[in-house]
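The sequence and the structure are shown first.

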Amino acid sequence: MPIRIHIFPQPVRVGVVKVVVTGVTDGLGEPLAGVHIQVEGDMAHPGMAPVFSDAPETAPGTYTARLNFSMPGDWVVLLHIRLADGSKIERQIDVRGVAGP
Amino acid sequence: MTKLQEASQEEEEFVEAPPFDLLRVPLIGRFLEWKHARTLLAIPMLAVSVAMILQGLLGPTLAPKNLATVLTWVHFRGVLVLALLCAGNLFCLACPFMLVRNAMRRFVKPRFNWPRALRNKWIPVALFALLLFCYELFSLWSSPWLTAWVIVGYFAMVLVVDGFFKHATFCKYVCPIGQFNFIAATASPLEVAVRDHEVCDTCGTKDCIRGRREPAGRTDSELVILQRGCELALFQPAKVGNMDCTFCLDCVHACPHDNVGILSRLPAGELMTDPQRSGIGFFSRRKDIAGLTIVFCFGALMNAFGMVSPVYTVEAWLGRLLHVQERAPILGLLFVVFLLVEPALLLGGAAWATRAWAGVQGAWLSVTVRYTYSIAPLGFGMWLAHYGYHFFTGLYTIVPVTQNALAELGWPVLGDPRWTLVGLPKTIVEPLEFGFLLLGLAGSLLIAWRLAEDDSEQHAVRAFTPWAVVCVILFTASVWLMMQPMDMRATMMAG
């Protein structure tokens with residue numbers, strides 16, 4: 001599955017950002033049905049509060065979540081994807097140097 | 001009743017109460033006096049250390065989800081400083097490294113004495129500074145894998161040093177965590193100390209330092225140790241304060257008169273005077289321990305500076321100024337400024353002013369060394385504020401991380417990880433932080449005042465003022481750092 005994660009706006013700053021997940025498709029490029037995606041943001045430093053958000057489908061094969069980066073620094077965005085058959089996929093991207101407001 | 005009788009009665013009423021003695025507390029005291037108490041305390045610590053190493057090497061790569069990073073950088077550091085504040089050097093008491101070292105020494109007997117030239121704190125001071133430098137350079141807080149290797153390296157270092165060298169060489173002359181604990185414990189409320197000095201005056205065996213041995217073999221020269229005396233060369237009757245004391249309780253177990261306790265005392269009171277200390281000498285003559293105090297205090301500022309936004313502005317500016325892109329030299333320069341230049345200017349300047357203005361006797365360096373110890377509580381306050389912040393705001397994160405670790409082992413007995421469990425709100429934690437800083441400031445000012453009074457009865461205020469200014473500058477810097485937005489980046493050179 002050619003999943004890609006995009007974060008807007010760039011450069012990323014503290015506050016609410018839009019996490020857009022594209023490419024949630026099958027081998028033929030057709031959008032998958034019955035997919036649930038939860039987006040999680042963690043600071044690179046342990047002990048900080050993670051942030052969570054559900055990502056509803058906003059276009060065929062595209063899911064969008066709003067995530068609140070609550071403090072500056074390095075963040076990691078995790079996608080918890082549950083497919084219709086119950087199987088799970090995890091994806092992760094680093095969001096380095098989130099700037100202050 | 002005459003006035004004389006009244007005064008006499010009042011005097012009797014004000015006879016100093018005996019200090020609180022932890023070893024007289026039911027159950028706790030009995031447990032700590034048991035010969036194997038330290039071993040029993042260290043076993044769970046060792047088990048946790050092994051779990052941290054395994055999860056650090058094999059578990060999740062994301063720091064907030066891994067036991068190694070969460071326990072080391074959130075919980076261990078927090079519990080360590082809070083225990084030092086509320087009781088004493090409890091980590092060294094339950095040290096897992098000593099458990100492994102003691103096991104090794106059942107098979108490997110060290111043959112060498114630590115070289116005389118190295119019997120000081122300069123090596124651990126350098127290691128302490130190096131650890132702080134590596135923490136920033138390699139962003140240890142964000143890497144479970146590196147954190148696990150730091151723990152493995154620590155075990156290896158203990159085994160190598162104490163495998164070759166006798167006594168508690170590692171604790172006294174190498175261990176940077178131990179030195180951190182020693183200097184912080186000068187502000188602790190408890191101290192391993194003699195209950196009644198008159199009992200020591202009549203003691204003929206001095207088991208507290210010599211230990212007890214008995215012949216083991218056919219020749220009298222073969223002796224087996226029944227009970228160790230103090231391995232750090234602290235002779236109880238002449239011991240003053242917590243410096244170099246690991247709370248191992250060997251002296252408690254060795255004393256045939258049951259005359260060593262864990263007694264209450266005025267926190268940081270040991271820094272207000274300068275007696276000759278067993279195993280240490282005079283603080284005012286120990287440049288190495290003063291150096292340790294400097295790294296302890298200014299390292300606290302540097303360590304906190306490394307986690308707030310302005311550090312990136314400074315680094316980017318230095319990078320442009322020096323045309324350097326690599327992190328190491330820029331960070332190295334910052335450490336030189338924080339740990340060498342800044343203390344030299346502040347402490348050296350204060351010592352110069354004290355001598356010039358108050359006429360305090362002694363060479364410039366001697367005065368600097370003597371008063372340097374006054375800033376130890378401020379440094380401790382900064383460590384408390386910093387580590388306490390991470391500990392309290394991330395207090396419950398250990399729950400989901402443990403749940404996750406067990407689930408990954410295929411044993412989800414604690415249920416699904418509850419990642420939303422975090423810690424106390426900042427509205428509670430921030431006042432605590434400022435409380436720790438204020439406590440440190442008060443302690444430092446009090447010590448500086450007492451030293452100034454001793455040095456110059458006529459001009460105590462003049463002797464005190466330069467050091468009060470230093471304390472206020474450090475306190476202001478600490479408060480400013482605490483008010484900055486936290487900004488933890490592994491990408492140090494980002495602009």
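Among the contacts in chain A that link residues at least 6 apart in sequence, 55% join residues at least 24 apart. The coordinates belong to a predicted model, and the values in this report are computed from it. Chain A holds 0 helices and 8 strands, which gives the pattern β-β-β-β-β-β-β-β when it is read along the sequence. Its radius of gyration is 14 Å, close to the 13 Å that the globule rule gives for 101 residues, so chain A is as compact as a globular protein of that length.

Taken along the principal axes, the C-alpha atoms of chain A fill a box of roughly 40 × 25 × 20 Å. Of the 101 residues in chain A, 31% are buried, a class that requires 20 or more other C-beta atoms within 10 Å of the residue's own.

## The sheet 1-2-6-5

Strands of a sheet pair through backbone hydrogen bonds, in either a parallel or an antiparallel arrangement. In chain A, one open sheet of 4 strands has the order 1-2-6-5, and its pairing is antiparallel. Strand 1 (4-8) and strand 5 (57-59) of chain A stand at the edges of this sheet with a single partner strand each, so one side of each is left without a neighbour in the sheet. On average, and with direction ignored, neighbouring strands of the sheet are turned by 35° against each other.

Within this sheet, strand 2 (residues 15-22) of chain A is paired with strand 6 (residues 62-69) of chain A in the antiparallel sense, over 7 bridges. A:Val19 stands opposite A:Ala65, a residue of strand 6 of chain A.

## The sheet 4-3-7-8

An open sheet of 4 strands with the order 4-3-7-8 is also found in chain A, again with antiparallel pairing. Its edge strands are strand 4 (51-55) and strand 8 (88-98) of chain A, each of which pairs on one side only. From one strand to the next, the twist of this sheet averages 20°.

Strand 3 (residues 36-43) of chain A pairs with strand 4 of chain A in the antiparallel sense, and 5 bridges connect them. On the side of strand 4 of chain A, A:Asp54 is the bridge partner of A:Gln38.

## Where chain A meets chain B

In the contact between the two chains, 17 residues of chain A touch 24 residues of chain B. The elements that give two or more residues to the chain A side of this contact are strand 3, strand 7 (73-82) and strand 8 of chain A, and these three strands belong to the sheet with the order 4-3-7-8. Strand 7 of chain A gives the most, with 3 residues. By class, the residues on the side of chain A that touches chain B divide into 9 nonpolar, 5 polar and 3 charged.

## A helix pair in chain B

In chain B, the axes of helix 18 (residues 376-393) and helix 21 (residues 460-483) come within 10 Å of each other and cross at roughly 5°. Because angles under 35 degrees count as roughly parallel, helix 18 of chain B is described as roughly parallel to helix 21 of chain B.

From helix 18 of chain B, the residues B:Leu378, B:Met382 and B:Ala385 meet B:Cys471, B:Leu474, B:Phe475, B:Ser478 and B:Met482 in helix 21 of chain B. The contact of these two helices comprises 7 nonpolar residues, 1 polar residue and no charged residues.

Key:
Residues are numbered from 1 along each chain as its sequence is written. Chains are lettered from A and ligands numbered from 1 in the order in which they are written. This is a predicted model: local features need pLDDT of at least 70, side-chain atom pairs count only at pLDDT 80 or more; totals for chains, interfaces and linings use all residues. Two strands pair if DSSP finds at least two bridges between them. Axes are lines fitted to C-alpha atoms, for helices over the stretch in contact, and angles run from 0 to 180 degrees between N-to-C directions. The radius of gyration is taken over C-alpha atoms; the globule rule is 2.2 Å times the number of residues to the power 0.38. A residue is buried if 20 or more other C-beta atoms lie within 10 Å of its own, exposed if 12 or fewer, and partly exposed in between; C-beta atoms are placed from the backbone. Two residues are in contact if their C-beta atoms, placed from the backbone, lie within 7 Å. Angles under 35 degrees count as roughly parallel, over 145 as roughly antiparallel, 65 to 115 as roughly perpendicular and the rest as oblique. Ala, Val, Leu, Ile, Met, Phe, Trp, Tyr, Cys and Pro count as nonpolar, Asp, Glu, Lys and Arg as charged, and the others, Gly among them, as polar.
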